Amino acid sequence: MVIKSLKNKITIFVLSAILFFGFLAVAWVAAYGNESLVAQKKSETVLALVSMADHVEEWMDLERYSVELTAHNIVLVDALEQGENLLENNKLRIFLEEQKRKVSAKDIVVLDINGNVLTATGGIYFGHNFGYRNYFKDALANDVASEVVIGAISNDSNFVFSHRVVNREGKALGVALLITKTETAIKSLFGEMQDADQHKHMLVDDNGIVVASNDNEMALKSIGQLPYQTLQDINADKRYGDREIQSLRYNNVLDAIKEKAGVSVYDFFDNNNGKQELVGVAPVHKYPYSVVMEIQEVDLIWQIARVYYTLGLAVLISCLLAAVVIYYMLNKFLSPLKELRRVAEKISKNELDCELFLKTGDELEELSTAFNVMIKGLMRTKDDIEKRVELQTSDIRNKQLALENQEKAAMNILEDITGEKEKSEKMAIDLEKFKLAIENTNDQVVITDKDGVIVYSNPAMTKITGYSMEEAIGKTPALWGGQMSDQYYGAFWKTIKEKNEEYEGELYNKRKNGSTFLAHIHVAPILGDGEEVKFFVGVVRDISKERESQLQLKKDAEDLKSANSLIASQKERAENILAYLQSIGDGVIATDLEGKIIFFNEAAEKLTGATNEEAVGKKSNEIVFIAEEKNSKVLQDLIGDALAGGHVRKKVGEHYLIKSKEDLIMAISFRLSFIFDKNNKKQGCILVMRDVSEQREIEKTKDDFLSVAAHQLRTPLTGVRWSLEMLLDGDLGELPEAAKEALDQISKNNKRLILLVNDLLDVSRINMGKSKEEPIPVDVSSALQESINTLHSLAEERGINIVFEQKAKEIPMINIGPKHLFQSFENLLSNAIKYSPNGGAVKVLLDFKKNKVVINVSDNGIGIPKEDQEKIFGKFFRASNAALKETEGSGLGLNVVKSFIEDFGGNVSFVSKEGKGTTFTIELPTDFKS
């Protein structure tokens, strides 16, 4: 049948393969094209979101700066402090109108400490109180705040930026407000992107409320489904009037805003218009807002489908053309197979008088020639086989007769052998018993002939010497011997060969691996009937280990004698050390592994009020009562906790208090270390305490001076900054270019002074215990990323590449002050950037292990000299090479970082090599409770 034809099968197979792989390629091209176009659109969306976020941040910075400038205005501060009527102060009114004009604000309002309106650029605010508004409360608590609200008076949607007004002593006098219509803000934020039909741009607060959008229908709706409590809070403070908050159901976007997940783009299907959409979100750094963009995906299916149909049609046409060509070629090239089949059928019928003629000029012609040769060979083979069959038949008959005769002779021989077999079996049994006894002994047994040539050796010889039976037979025992003197061997042979006596003694032999061993030997001659020597039998036993044990016993006795002398000298040395510890001015307490006191010197008695007799033998927590200096938190069992932990070899405490038996409280510093034996095994703990009361009084006086000085400096510096900015902005008239350059330099120096004063205030607050920030759950990964983004421009300016890697898949939230944590990250990152070479790299690694969040900040910069490393966390200290590379710097940053982190139960450490780089490590516990 047609389908079974070889050429039909080949044609169908090839065409099927072309169709399959052709359409597979078409499908892959279509899928890849669609995926690539969507991915490209997402990438463009990410870039647009980042640009929008930066634009929003710049606008908010301008608004915030303007209200800050208003709050720091000297005229306003003096008027509020002196209780003047602000409405009658023309200088203040001119300033407020100018500030309003600069930022295109709706109005600027000044409130007193209770929220009452004192003055405003708009008359509608007089006689009202805004003390219930969150932006007023937050500004009083945190200096600055911002919020979008529906005006209680105008019923308009407004952006409100607020800033606390304080006098020179830091006392709050009121709050300054900058109010901008949301419509005006939208023009500033989205003025170049008004295509609301295709692209909707939204500004969303941290609650998920759309506070501004280029599409009015989106305004004051929630991105996702808000929790019931959040809706209740919004309705309670009336920030959006009586408007009902409707959800846009972008729950993934709301989750990203809450988790501060960074820039993200999601796919959504809009059931309202039946279209696929891309919705992207990006955080606005430094502000509690995010920008959201909704984009309708361009329908790309028709483009992919057109390519798909074109390629599919090309594949079908190619298949049709290939079918015609393949069928014609196969019909031409396979026709000689018919002749080959005809000849093969004849051969199968044993008709060998045939021949194959093919003239194709290819392999088929060669096949026909080989076929003809094979036919001739078969004919010759047939004749040879017939002749060989005849000859072999005759030969088989002759061999059969000879085999019958041999069988009869074999039966006669077997009868004679039977008797001899019985005798041999009995002798074999006796010989086997002797062999078993010799081969299972642990001693080496050797039998030689009269000339000393080995004729037998048992398996123990191999175990002792390492030589195999095959290597030993035919050799003399010199194979493992030859380690003694000629006189020894002369006496040995004279005894056993001339005197025919047995010889017993010790000698050294050599194993095959080259090692020597001590052996005990016993050799006896075997004599014949004529008293001549026939054989020698030798028994050898390895006694090396026995001799080593004897020598070791002797050595142990000598070591014991030396040890007794060493113990006596160490006892004398220990007594001298104890006498020194008793006399030093620092309190010293030593305990065993259970925390029981075993040493208590005189200084410890003065600090604790307990005598040596009362303390020794008791638990340390019954005698020693230490608390933290800043919060008076008592360390319940300082030594016991350290011994239980086991991994801290040394602990240093600088700011602590100790309470004596008579309730006397003294300031102390301490050093806590483990005691180890020579095998590095922990034996106990030693606590060294020092009275630092006088030092604390000196530090308090210095900190008080530092706080007053810093506060007194900041107010005039802020005023100078405002005046310089007015001059540079031309508010007081145009200045010559040279004057502008000089003022610009003065402004930069003024800003550096303000930063230094702020650092001094931070240090002052830390030392006075006023820097404590209320801990809240913080996402460390987001805080790190925000710090990196903040310093991106500085890194880019110096060509530094910042690499952020999160090693653990999940990082738990930690309870910590977010502002202090951000400032700590920012200090470490800015140092790494400033002290790295241009074009270098800074690596930030985040990990979670042993219930601690671990942050590593590494650079390949100048490093810290070894002699400066102990002082690097000190106040006002800068390493010698750092001062040469960066002349500007207060030397306070690392001190602030260490204080902040340790306040929240963390630890800061570093590893550095000069010229190679530095790695700072922050460890933050997840279970810390303030």
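This is a predicted model: local features need pLDDT of at least 70, side-chain atom pairs count only at pLDDT 80 or more; totals for chains, interfaces and linings use all residues.
Which residue in β27 does K849 stand opposite? Select K849 and look across to β27: the residue facing K849 is K852.

**The whole chain**

Of the 930 residues, 38% are buried. Among contacts between residues at least 6 apart in sequence, 56% join residues at least 24 apart.

**The five-stranded sheet**

Return to K849 and select the strands around it. Residues 841-849 form strand β26, and residues 852-859 form strand β27. The two pair in the antiparallel sense, over eight bridges. Now extend the selection to the open sheet of five strands, whose order is β24-β26-β27-β29-β28 and whose pairing is mixed. Select 801-806 (β24) and 907-913 (β28) to see the edges; each of these strands has a single partner, so one side of each lacks a neighbour in the sheet. From one strand to the next, the twist averages 15°.

Select residues 780-790, helix α20, which touches β24, β26 and β27. The direction of α20 makes about 175° with that of β24. Then select residues 893-903, helix α24, which touches β28 and β29 (917-925). The direction of α24 makes about 140° with that of β28.

In soluble globular proteins, nonpolar side chains tend to be buried together. To examine this here, show side chains for M60, F159, L203, I223, V253, V291 and V292, the residues with the most contacts inside the largest nonpolar core, which has 65 residues. Helix α1, residues 6-71, gives the most to this core, contributing eight residues.

Centre the view on V253. Leaving aside residues up to four places away in sequence, V253 touches I223, Y266, F268, V279, V281 and V292. A second, separate core has 38 residues, including A808, F825, A832 and L924.

**A buried glutamate**

Finally, select residues 289-296, strand β10, and find E294 within it. Is E294 buried or exposed? Its relative accessible area is 4%, so E294 is buried. Display the side chain of Y250 as well: a polar contact of 2.7 Å joins it to the side chain of E294.

Note on methods. Residues are numbered from 1 along each chain as its sequence is written. Side-chain values use heavy atoms; hydrogens and water are left out. Two strands pair if DSSP finds at least two bridges between them. Helices (H or I, at least four residues) and strands (E, at least two) are DSSP runs, numbered from the N terminus. Axes are lines fitted to C-alpha atoms, for helices over the stretch in contact, and angles run from 0 to 180 degrees between N-to-C directions. Contact means heavy atoms within 4.5 Å. A nonpolar core is a set of buried Ala, Val, Leu, Ile, Met, Phe, Trp, Tyr and Cys residues joined through side-chain atoms within 4.5 Å. Buried means under 20% relative accessible area, exposed over 50%, partly exposed in between (1.4 Å probe, protein chains only). A polar contact is a pair of N or O atoms within 3.5 Å; within protein, one must be able to donate a hydrogen and the other to accept it, and residues adjacent in sequence count only if both atoms are side-chain atoms.
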